[in-house]
Amino acid sequence: MKAIRQTLVALALIALVLSWVWTPWVAVVMLAAIGAWLFWQLQRQDDAAAALLREPESVDRSFDDAMAIIRARLKEGEQSLRDRDAEIAQRKQITNAVPDGLFLLDNGGRIIWCNQAALVMHSLDAFRDMGKPIAQLIRAPEFARYLDDDTQPEPVVTLGGRSIAFHLERGSEGARLLLTRDVTEREKLDRMRRDFVANVSHELRTPLTVVGGFVETLTDLPLEPDERNRYLQLIANQTTNMRRLVEDLLTLARLENDQLPPEATQIDLALVARDALADAEALSAGAHTFEATIAPAHLLGSVGELRSALGNLLSNAVRYTPAGGRITLNVAARANGEVVVEVKDSGVGIAAEHIPRLTERFYRVDRSRSRETGGTGLGLAIVKHVAQRHRAKLEIESTVGGEQHGSTFRLRFPVSAA
Ligand code: ADP
């Protein structure tokens, strides 16, 4: 500014001197030029000042822009955090839905993370036990050996009465994944299957051995006709037992494998009951007294299956009631619509501890009596399946000894089956 002012003063003095020396027109032109230049200078300063005055506004604007960018970034960050949270929650949900126990272990075998099933299966505490060595929490020598040595077979350990199988995913480095599975049911089924095969083999081998022995005797020894006939009769009895066993096995297999409900035909239960009663009377051959109260009753279901169930209950009553005993059959349609079939005997009775296991395949209280009387050990298992398929309840009451000795087997068919 100072320089401008000095320049202006100098120019004004020159203009005055020139106008005085030459002609006033030169002074006018010079003064006009100075004025124009001055105006231009002032205009520039004005613009600069205006620009300076505008400066805060532009700073504001860039600050707002920056804030907007930061806010947008923050929003994006929040969204991605929310997305990650949702993803983590979903993964947590998935791992918690897995029925197997999952553990993430570090190199030292310490727990980094585990799912809900693992906590429950091994009675662990999510806060207390994190970071602890797993071998300290799951105490079983075969598991500890397996953890340290990858040549060891995968162990199945009994923990708190349950069978738990272990499988370790051994990565080369870093965290390792340990899977634990409750295999109690699978083990139980396996054991049942093995027992079943062993039982069937045994049940078939016994009569086969007897038949084989008699055949040998008949072939090797010169026997009297009477004796020969007796042996042949014994062979016939054994083959009947084997046939019965095979028939019961097939019936049971059909009942167990058939997922469909029994054919829903109207059944005259009184007719089925009278039929089964006639068979039981024939089996008893006059050794027992029979009483029957058979009311008209109808059911929806399978005649064949109900006939088989009633036949088994009545033949058991005959076989487990000594000669002279009494057998009662009741068929009643109750006022509430329920249909009840009851087979009662005055036989040997069954001790209370055996009752819950009677419907297991090949479970027998008195093995020799069952065999002697041609039992297969499958009768009540068949009854149980038929009852289940007709939504009926099987009730068993029994008394051993005393005046009231004997057993009652009751099938209660619900209103919907009637
Ligand atoms: P089994 O062919 O041996 O009779 P079941 O499955 O029909 O096989 O019966 C299982 C066991 O239940 C029998 O071995 C017998 O010990 C007992 N049992 C069944 N019914 C009676 C009954 N009415 N009285 C006494 N014991 C019975």
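What follows is a set of questions and answers on cores and pockets.

Modeller: This is a predicted model, in which local features need pLDDT of at least 70 and side-chain atom pairs count only at pLDDT 80 or more, while totals for chains, interfaces and linings use all residues. Residues are numbered from 1 along each chain as its sequence is written, and side-chain values use heavy atoms, with hydrogens and water left out.

Colleague: Which residues does Leucine 269 touch?

Modeller: Leu269 is among the residues with the most contacts inside the largest core. Contact means heavy atoms within 4.5 Å. Not counting residues up to four places away in sequence, Leu269 touches Ala297, Leu299, Leu306, Val331, Val339 and Val341.

Colleague: Which element gives the most to the lining of the largest pocket?

Modeller: On a 1 Å grid over the protein atoms alone, a pocket is an open set of points where a 1.4 Å probe fits, with protein on both sides within 12 Å along at least five of seven lines, and lining residues have an atom within 4 Å of a point. The largest pocket has 49 lining residues, and Asn312, Ser315, Asn316, Arg319 and Gly379 are the closest to its centre. With 11 residues, the element that gives the most is H9.

Colleague: Between which domains does the second largest pocket lie?

Modeller: Of the 15 residues lining the second largest pocket, Met192, Asp195, Arg357, Glu360 and Arg361 are the closest to its centre. Helix H6 (184–220) gives the largest share of this lining, 5 residues. Domain bounds come from an automatic or database domain assignment. Because both give residues to the lining, the second largest pocket lies between domain 3 (187–257) and domain 4 (265–417).

Colleague: How many residues of the lining of the second largest pocket are charged?

Modeller: Asp, Glu, Lys and Arg count as charged. The lining of the second largest pocket has 5 nonpolar and 3 polar residues, and the number of charged ones is 7.

Note on methods
Core = buried A, V, L, I, M, F, W, Y, C linked by side-chain atoms within 4.5 Å. Buried < 20%, exposed > 50% of the residue type's maximum accessible area, 1.4 Å probe, protein only. Helix = DSSP H or I, 4+ residues; strand = E, 2+ residues; numbered from the N terminus.
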